[in-house]
Amino acid sequence: MELVDKLFFTHGAVQAALVLSITIAFGILLGRIKIFSVSFGIGGILFSGIILGHFGFSLDPKVLVFTREFGLILFVFAIGMQVGPTFLESLRDQGLKLNFMAIFIVLCGAALAVACCFAFNLSIPQTAGLFSGAVTNTPSLGSANEAWSQVAGSPEAVTEGLKVIGMAYAVAYPFGIFGIILTMMLLKGMFHINVEKELAELAAQHPRHHLASSGGTDILVSNMAMVGKNLADILPADVKVAAVKRSGEEFAFNGLWRLRLDDIISITGANDEAGKNFANMLGNSKKALDHPQMLSIFTGILVGVVIGSIPVMVPGLPTGLKLGVAGGTLLTAIFLSRVQRFCGLTWYMTSGANQLMREIGILLFLACVGLHAGTGFVETVVHGSGLAWMGMGAIITFVPLFLAALICRACWKINFPSICGMLAGSMTDPPALAFAMQYYGGEVPASAYSTVYPLTMILRILMGQLLVLGLMAV
């Protein structure tokens with residue numbers, strides 16, 4: 001028993017590593033359990049932490065704070081590197097309407113959270129936790145935590161408030177997932193939507209170009225010197241471009257294409273020598289892109305944390321408004337990933353490296369939040385205000401989603417699979433996206449999801465902080 005106590009309950013470096021590993025491993029298993037074909041996915045880590053925290057597992061407070069914040073930083077930096085290259089492009093055409101509705105969902109949810117705060121006399125931590133949990137957005141939770149730490153005052157108030165934020169988040173989180181799916185199902189039934197028919201009509205309106213069927217030679221852009229150059233300006237006279245591919249999307253070449261690392265150029269009409277020379281010019285080396293740019297990653301994180309820590313004074317707020325480590329790191333990564341070369345450094349991450357960094361970051365963050373919230377969670381739900389919190393969270397989840405879905409369908413006649421992707425993206429919710437892709441349209445919801453995801457993520461992070469600071473100023 002002494003060994004068990006030392007390994008799992010006596011705070012220290014080894015104990016922290018073991019507790020975090022157990023929490024994450026158990027959480028991954030929980031996340032795989034499906035209820036009506038839907039799993040909690042990454043949310044299983046949160047509930048794993050709550051369960052273990054309830055049974056006495058904990059981390060040294062300083063270790064917990066560092067691990068939680070560093071995990072959040074890794075996560076949002078990876079997100080920024082992922083969405084940055086296509087951020088501005090996502091705002092064009094129909095994406096403008098989808099992003100407008102995503103903004104509406106974010107602002108409407110925040111307004112409902114504030115209304116619940118005053119109507120039911122909620123505390124600021126309760127309100128912030130319910131808002132973040134109802135919209136299943138972990139970076140918003142991190143932003144709210146950071147803002148509360150700035151304005152709460154005493155260390156005891158900070159600690160207690162962070163625990164309440166985590167508990168409220170966990171209580172509202174489950175319906176945050178199922179509320180999106182419920183909205184999809186209601187919309188489909190109300191408008192008697194035939195998904196197969198809509199997908200066929202969408203395919204007819206927007207035919208896709210496939211590199212594999214072009215008969216061309218695929219060349220990978222891996223030469224950093226080519227970044228930013230117009231493809232038409234460097235294209236040899238006897239080489240024709242059949243198609244180009246970026247971030248999994250295929251496009252017809254219209255003469256205007258600025259090269260980026262990891263672009264794939266499919267060429268035709270070139271003799272062997274011309275094709276080989278063009279390939280050498282672009283790089284065409286996957287190995288050159290596989291090596292992670294560690295100097296760039298940590299330099300970017302450094303810059304993002306500094307930017308996020310600079311306060312901007314806003315009249316009426318109790319403290320200067322900051323982007324926070326989450327917002328500053330996210331915006332920095334978006335900018336750097338778009339330019340790809342800045343200050344002599346290469347700002348590029350392979351999809352595999354990005355996913356690994358993103359997953360490690362969010363796993364560490366959620367594990368710490370769950371462990372911290374686990375103490376007193378069951379008591380709050382069973383004997384406290386937990387059920388009332390669930391009801392308020394359901395309102396914050398469902399009302400904005402349902403109104404946005406109605407507007408998209410009744411007023412703008414947007415196709416149903418795209419609406420489903422927009423709803424999931426506006427809540428940055430992968431389980432809901434997985435459901436939509438499985439039952440309502442394959443890749444179409446994923447495209448709409450990625451269209452609204454960048455702007456939504458930024459707004460969620462800022463709103464988590466604004467909610468705390470704004471309510472503190474009232």
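Reader: What is the volume of the second largest pocket, and what makes it a pocket rather than a cavity?

Author: In this predicted model, the second largest pocket has a volume of about 270 Å³. The word pocket is used because the set of points is open, with protein on both sides within 12 Å along at least five of seven lines, whereas in a cavity a 1.4 Å probe fits but cannot get out. Its lining counts 16 residues, and those nearest the centre are Leu-59, Pro-61, Leu-64, Thr-159 and His-372. Two or more lining residues come from each of α4 (61-83), α8 and α15. By class, the lining of this pocket holds eight nonpolar, six polar and two charged residues.

Reader: Which residues line the largest cavity, and how do you know which of them is the charged one?

Author: The largest cavity, with a volume of about 50 Å³, is lined by Arg-68, Leu-141, Asn-145, Leu-162, Ile-165, Gly-166, Val-369 and His-372. The classes come out as four nonpolar, three polar and one charged. Arg counts as charged, and Asn, Gly and His fall among the polar, so the charged residue is Arg-68. The elements giving two or more residues to this lining are α7 (138-151), α8 (155-190) and α15 (351-374), and the largest share, three residues, is that of α8.

Reader: What makes α2 roughly perpendicular to α15?

Author: Helix α2 (residues 13-31) and α15 have axes that come within 10 Å and cross at roughly 100°. Because the range for roughly perpendicular runs from 65 to 115 degrees, this value places α2 roughly perpendicular to α15.

Reader: Which residues meet where α2 touches α15, and how do you know which one is polar?

Author: From α2 come Val-19, Leu-20, Thr-23 and Ile-24, and they meet Leu-363, Leu-364, Ala-367, Cys-368 and Leu-371 of α15. This contact divides into eight nonpolar, one polar and no charged.

Key. Residues numbered from 1 in each chain as written. Predicted model: local features only at pLDDT ≥ 70, side-chain atom pairs only at ≥ 80, totals over all residues. Heavy atoms only, no water. 1 Å grid on protein atoms, 1.4 Å probe; cavity = no way out; pocket = protein on both sides within 12 Å on 5 of 7 lines; lining within 4 Å. Points joined across faces, edges and corners; volume = space filled by probe spheres on them. Helix = DSSP H or I, 4+ residues; strand = E, 2+ residues; numbered from the N terminus. Axes fitted to C-alpha atoms, helices over the stretch in contact; angles between N-to-C directions. Parallel < 35°, antiparallel > 145°, perpendicular 65-115°, else oblique. Contact = heavy atoms within 4.5 Å.
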